[in-house]
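Subject: Structure for you to look at, with notes

Dear colleague,

Please find the structure below, followed by my notes on it.

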Amino acid sequence: MAEQVIPTKKMPPGLQVENVDDRIMTLNVGPQHPGSGHMRIIVKIDGDYIVDADPDPGYVHRGEEKMAESRNYITNIPHLERPVIHDSCNILYPYILGVEDLVGIEVPERAKYVRVIAAELNRCIYIQYWLAIYGIFLGHSTMFMWPTGDRELLIDLMEKITGARVTHAYFIPGGVRNDVPANFEDVCLRQVNYFEKRIKEYADIFYDNPILKARTEDTGVLSREDAIRLGTTGSVLRASGVDYDLRIKEPYDVYDELDVHTNVLKEGDSYARSKIPWLDMLESCNIIRQALEKMPKSGSIRKKLKPNPKGRNDEVYHRVESGRGSAGCHIISREKPEPYRLKLSVSSFRNLIALPYLLKGEKLGNMPAVYWSLNYWPVEADR
Amino acid sequence: MSTSETTPPPKEIPPPKAAPPEKTKPPVPAFEKSYVDQITNQFSDDVEVEYIKENRTRVNVKKEKIAEVAKFIKDNTPFDHAESVTGVDFPEDKEIGVIYHLGSYTDPTYSKQVLALATRVPREENPNPGNDSTKLQSLRDMFYSVEFHEREIFEMLGVYFEGHPDNRRLLLPEDWADLPPLRKDFKNRGR
Amino acid sequence: MLKELLTPQNANVFVGKLGDILYKAIDKPLGMAINWGRLWSLWPVHIETACCSVEFGAASSPRYDVERFGIIEAFGSLRQCDLVVVQGTITRKMAPRLRLVYDQMPEPKYVIAMGACAITGGLYFDSYNVLPGIDGILPVDVYVPGCPPRPETLIQGCMLLQEKIKRMKAR
């Protein structure tokens, strides 16, 4: 029996031990990684440069669309806002508009204004959280602390209206669930004015910061043509110079009565993409102030809905501008209390397609800056 | 103790219910009709207009012609990207529907419009995704943004897209061996 | 007598017994000190699994500030962590990864199940891709109910865990 000279190491099954290429290296970023969130990005690097990137979402795929088929139109509300709990009003908005269209119910004027205020407050809450994570991705701890602290102001305000911190389930077909509390207008105006003053200070510490500019400018540049070709939406699209905001282009509820401006930047790099949401927050403060002024001081807050409403034999597709971009809801209904098929067309999933495109040719260290500037929330993309 | 006895006020006769307004068909919006007509004029027999509503139109296309129609839309109308792709299962008709929602960023007059381009593919009782007759031509060459949406439809309903470079799994776990979950014969626990 | 016992065959057993005796002797005075050290420096792993991570992030915000209670912000390296806060739904795709993360952490390690989904599946009890709670894959120490739990609830759960560690035997 010949003695074995070279010891063979027992390897776990499934590993490739032969033909190991030493030039291109494959890296798994996530799902447990400080710079990935709830998803995995498989990147192939040559030295320090990314040559290929393959996003692997689905770690939070909970089958919301299948679940919606076995629940009726009202019981669908709580789980449909879970994909983005910190933007729950906006993610629910297209679904509610669709159900109202199918059931055929008119919304009172005051409820429309309350909806707009709640949606804009929620947009600020979402963007503040996004900004905090962007700060911590870039190693800027102050930018984590400031937005998460200021965000609590608006969360308090939403808690006063709806009774919940993040998962509001506030919009229902036919209006909103309950009226705003007494002297809400004064409190809201005061908080929003203070909030606006605070977020203007972010420019000094974050957006005019030379370190941030050095890290994000000219990284992950998305040209105007490519932004359109890839079908991106929201802040990614507007940072590339396309003027497209559904609040202006396809006004829903009372957005056509308010003076809404949109923010467009031409650069298309990570810096522009990180700046657009911040400008959106300032714009949201303007919209809230206008809506508070124009809101009818009294009146009905919801139209009575008959229990277990049935849709008509039709399909509807409604979309709104959420904190990340266009959020659409496609409902195919038969004459039953449950939707036949419900599809959420969410902006995170639409922006994900830009990620492999943008990462190619970038340095590996720029990956978090590019990835989170896409205004991406993995739970929403997976649904 | 009050002695006054009040007679109950005479019941008001409710006004006769107004006759329900006659359902009139809403007029067909002209602008929406104009671009749908462009498509129907080109492909007279192969397309069928499902509805023309305000800002929303839907055109049903035969599955062999879907790539051709999409190419025509891409070249001749301002629709430049796909917003979402919905797959629907119709077990009674033994078909699976695929609906592309197209939108436009470049032309401001079209920014409200969503054109739904729908088609149906045959459905197999025992699906074998990728190797059965449930196949459709991919629109990735025309509308690049459908790439991930089509991957999602492939795993959720088993529609194989010919011409798509990677019909791989996207959201489901790697070891998923059950039916595609959005088919109607796949049931959730306890439902 | 002792020489007979200390043959090479049973030396290991003997040393093991000796270790047990020693361990029992120092457990009372030193165990408390060891536990005290663990108590105030719990390091959670940076693994987000679902939407409860929003409230986990809010718990480290200036208003709630979990660091007051000796629980540091989520940390990237598994090898230095001793706490897994399971932040919400565990899907079938995430479950093996979560177990992999848990297996790589050094002993002793603790698990907090945060949110209704991590406890029983919650709102997604009938979904095809969601586990009905994480009991099947991880030994849970503290359950924090809520959908999502408020940061105060999470802090209370962490304090309950500290209470539990205080009464544990130091291993």
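Two residues are taken to be in contact if their C-beta atoms, placed from the backbone, lie within 7 Å. This is a predicted model, in which local features need pLDDT of at least 70 and side-chain atom pairs count only at pLDDT 80 or more, while totals for chains, interfaces and linings use all residues. Residues are numbered from 1 along each chain as its sequence is written, and chains are lettered from A and ligands numbered from 1 in the order in which they are written.

On that contact definition, residues 24 or more positions apart account for 55% of the contacts in chain B with a separation of 6 or more. The secondary structure of chain B comes to three helices and seven strands (DSSP runs numbered from the N terminus, with H or I over at least four residues for helices and E over at least two for strands), and along the sequence these follow the pattern α-β-β-α-β-β-β-β-α-β. Of the 191 residues of chain B, 36% count as buried, where buried stands for 20 or more other C-beta atoms within 10 Å of the residue's own, exposed for 12 or fewer, and partly exposed for what lies in between, with C-beta atoms placed from the backbone.

Leaving aside residues up to four places away in sequence, V159(B) touches G87(B), I96(B), V98(B), V121(B), T134(B), L136(B), I153(B) and F154(B).

As to the interfaces, 28 residues of chain A are in contact with 31 residues of chain C. On the side of chain A that touches chain C, α5(A) gives the most, with four residues, and the residues of that side divide into twelve nonpolar, eleven polar and five charged; here Ala, Val, Leu, Ile, Met, Phe, Trp, Tyr, Cys and Pro count as nonpolar, Asp, Glu, Lys and Arg as charged, and the others, Gly among them, as polar. Between chains C and B, five residues of chain C are in contact with six residues of chain B.

How do α4(A) and α5(A) cross, and at what angle? Their axes, which are lines fitted to C-alpha atoms over the stretch in contact, with angles running from 0 to 180 degrees between N-to-C directions, come within 8 Å and cross at roughly 160°. The two helices α4(A) and α5(A) are therefore roughly antiparallel to each other, a term for angles over 145 degrees. By class, their contact has 16 nonpolar, four polar and two charged residues.

D253(A), in the loop between α11 and α12 of chain A, has a positive phi of about 45° although it is not a glycine, and is buried, with 20 other C-beta atoms within 10 Å. N308(A) also has a positive phi, near 50°, but is exposed, with 11 other C-beta atoms within 10 Å. In chain C, the peptide bond from C147(C) to P148(C) is cis, with omega near -10°.

With best regards

Methods
Parallel < 35°, antiparallel > 145°, perpendicular 65-115°, else oblique.
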